[in-house]
Each structure stands twice: as C-alpha cells, then as structure tokens.
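I opened my notebook to look up a few things in this model. Here are my entries, one topic at a time.

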Amino acid sequence: MHLPQTSQAMKNLKLLITLFVASFILTLLPTTSLAQKSADIAYKQSASFDRAAQADTINPEIKFNKLRIDSITKFYYQGMHDADNNYNAKRSGKRAIFFTALIGTPVLGIIPTIVSSSTRPKLKNLNIKDASMLTNPAYMKGYKDEAHQIKKRLVWGNYVAASVTWLAIANIVLL
C-alpha cells in the first residue's frame with residue numbers, strides 16, 4: 001500500500017517540475033522581434049527628425065546637429081548589422097552551460113547562465129572585420145550591443161535546451 005502513494009507523489013513531483021520549467025521557458029521568449037524594435041525606433045526618430053527639419057530653416061545649427069544624428073544612427077545600425085553577420089559567440093560559455101545544466105540540474109545551471117549572459121563579449125572575441133571602424137564610437141556601440149544580445153540568446157537557448165533534455169530524461173527515469 002505504501003508503493004502507490006510514492007508513485008503518485010513522484011507523478012506530482014514530475015508535473016510540478018514540468019510546469020515550473022515550462023513557465024520559466026515562456027518568460028524567456030521575447031515578445032517583440034529585433035525588426036519590430038528597429039521599426040519602432042525608426043518611427044520615433046522620424047517624428048523627431050520632422051520637427052528638426054521644420055526648425056532647421058530658422059536655425060542652421062539645428063541642421064548640422066540633424067546631419068550628425070543621422071550619421072551616428074547610420075553607424076550604430078551598421079555596427080548592429082555587422083555584428084549580426086560576423087559575431088559567432090565562440091567563447092561565450094554556451095557549451096559549458098549546456099553541460100552544467102544537463103549533467104547537474106537546471107537549478108545548478110542557472111547560476112553560470114546568469115553570470116555569462118550578463119557579461120558583455122570581450123573585444124578580442126567580437127570578430128570585427130573592418131579595423132578602421134574600431135575608432136568609431138557609434139559603430140562600436142551598435143556592434144557591442146548586438147553582440148551582447150546574440151550572446152544572451154545563445155546562452156539562454158543552451159540553458160533551455162539542456163533543461164528540457166534533463167526533464168525528458170528525468171521523466172523517463174522516474175516513469
């Protein structure tokens with residue numbers, strides 16, 4: 001009679017763990033895409049640039065600042081685009097996180113995942129093809145921001161993959 005109660009407790013435990021991981025995974029999924037974010041930024045900027053275009057007929061200094069802002073924005077987005085094409089996150093710790101969460105537990109794997117996703121990629125790991133752009137602060141900010149987002153996606157993706165695999169193995173073993 002003691003055995004069926006243990007079996008029911010294990011099923012309840014499996015259900016709770018599965019629900020916990022599923023809710024955690026759902027919180028990690030992004031709500032908007034990068035294309036939507038850049039479209040929102042472009043929309044917000046165009047409204048402010050329209051006001052600046054009206055004002056630049058009165059004050060020529062405003063026209064100079066508008067051209068400077070356009071140039072900075074162009075280099076920032078060029079940096080984001082280049083990071084998307086060139087950055088590969090080879091030394092991001094994604095494999096170590098995968099195996100830590102798989103061999104250990106997802107609870108143990110969350111610690112290196114948080115640490116790794118919060119640190120920005122080092123300059124030597126960015127894989128910047130155009131060395132002349134290293135001196136452009138807007139380009140470098142765009143490149144580093146996008147590289148950090150890529151690193152976060154890969155690190156958290158590996159954590160989720162390892163957690164799901166660990167849950168599947170735990171469900172098979174506990175069955």
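I began with a term: a salt bridge is a side-chain nitrogen of Lys or Arg within 4 Å of a carboxyl oxygen of Asp or Glu. This is a predicted model, where local features need pLDDT of at least 70, side-chain atom pairs count only at pLDDT 80 or more, and totals for chains, interfaces and linings use all residues. Residues are numbered from 1 along each chain as its sequence is written, and side-chain values use heavy atoms, with hydrogens and water left out.

**Salt bridges.** I searched the whole structure and found three salt bridges. One of them joins D145 to R120, with the closest N and O atoms 2.6 Å apart. I noted that this pair links distant parts of the chain, 25 residues apart: D145 sits in helix 6, and R120 in the loop between helix 5 and helix 6. Helices here are DSSP runs (H or I, at least four residues), numbered from the N terminus.

**Two helices.** How do helix 5 and helix 6 pack? Helix 5 (residues 106-118) lies at about 175° to helix 6 (residues 137-174), and their axes are 9 Å apart. I therefore call helix 5 roughly antiparallel to helix 6, a label for angles over 145 degrees. Axes are lines fitted to C-alpha atoms over the stretch in contact, and angles run from 0 to 180 degrees between N-to-C directions. Contact means heavy atoms within 4.5 Å. Among the residues that meet are I110 and I114 in helix 5, and W156 and Y159 in helix 6.

How values were computed. Parallel < 35°, antiparallel > 145°, perpendicular 65-115°, else oblique.
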